[in-house]
Amino acid sequence: MEDGGRKQGAMSPCAACKLLRRRCAQDCVFAPYFPANEPQKFASVHKVFGASNVNKMLQELPEHQRSDAVSSMVYEANARVRDPVYGCVGAISSLQQQVDVLQTQLALAQAEVVHMKMHQATTSSDQQQPPLPVASNSSSENLSPSSSRLISSQSKSLFDMDMGESLWSC
Ligand SMILES: [Zn+2]
């Protein structure tokens with residue numbers, strides 16, 4: 001007379017059926033993806049999407065895609081529980097902002113490399129020039145170290161500013 005007449009091991013219900021307090025049928029759509037030892041997975045999915053919606057979504061998918069669908073639903077649901085306002089969109093947009101900042105930094109660094117190469121080219125061509133009279137030679141000696149110092153201090157402050165703030169504020 002007992003419904004659980006079939007002797008199937010412990011017959012422990014999956015996490016979904018346990019939470020919904022229903023009998024876990026042999027063909028339970030949740031059972032493969034919500035094992036009893038991970039109750040939190042179904043709890044958050046149920047909270048955000050609702051058990052019957054999850055059931056419907058899984059039924060509409062071919063079986064080989066259900067596991068991925070469950071993974072993404074669990075991810076989305078957990079993000080929504082953590083961040084009730086933005087959910088996983090919050091994570092996506094914060095990563096997008098990081099990409100934008102890093103692309104800007106990359107562009108600046110590439111511009112800096114071009115700038116330094118040009119500077120190197122002009123200073124090396126200066127050195128190749130024939131020796132100048134003593135008076136102007138001493139003035140060019142005075143000029144070149146200070147100008148290179150200026151450029152290196154500029155590039156240093158640029159990286160300190162951009163990298164320091166953006167990296168640590170994220
Ligand atoms: Zn079940």
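Select α2 (39-48) and colour Lys-41, Phe-42, Val-45 and His-46, which are buried; a buried residue has 20 or more other C-beta atoms within 10 Å of its own, with C-beta atoms placed from the backbone. Helices here are DSSP runs of H or I with at least four residues, numbered from the N terminus. Viewed along the axis of α2, the buried residues lie within an arc of 120°, so they line one face of the helix; the arc is that of the directions from the helix axis to the C-beta atoms.

This is a predicted model, in which local features need pLDDT of at least 70, side-chain atom pairs count only at pLDDT 80 or more, and totals for chains, interfaces and linings use all residues. Residues are numbered from 1 along each chain as its sequence is written.

Next, display what covers this face: the cover of the buried residues of α2 includes α1, α3 (51-59) and α4. Then select Phe-42, which touches Ala-15, Ala-16, Leu-19, Phe-30 and Phe-34, leaving aside residues up to four places away in sequence. Contact requires C-beta atoms, placed from the backbone, within 7 Å.

Now show α2 together with α4 (63-82). The two helices pack at an angle of about 70°, with their axes 8 Å apart; axes are lines fitted to C-alpha atoms over the stretch in contact, and angles run from 0 to 180 degrees between N-to-C directions. That makes α2 roughly perpendicular to α4, a term that covers 65 to 115 degrees. Residues of this contact include Val-45 of α2 and Met-73 of α4.

Terms used. Two residues are in contact if their C-beta atoms, placed from the backbone, lie within 7 Å. Angles under 35 degrees count as roughly parallel, over 145 as roughly antiparallel, 65 to 115 as roughly perpendicular and the rest as oblique. A residue is buried if 20 or more other C-beta atoms lie within 10 Å of its own, exposed if 12 or fewer, and partly exposed in between; C-beta atoms are placed from the backbone.
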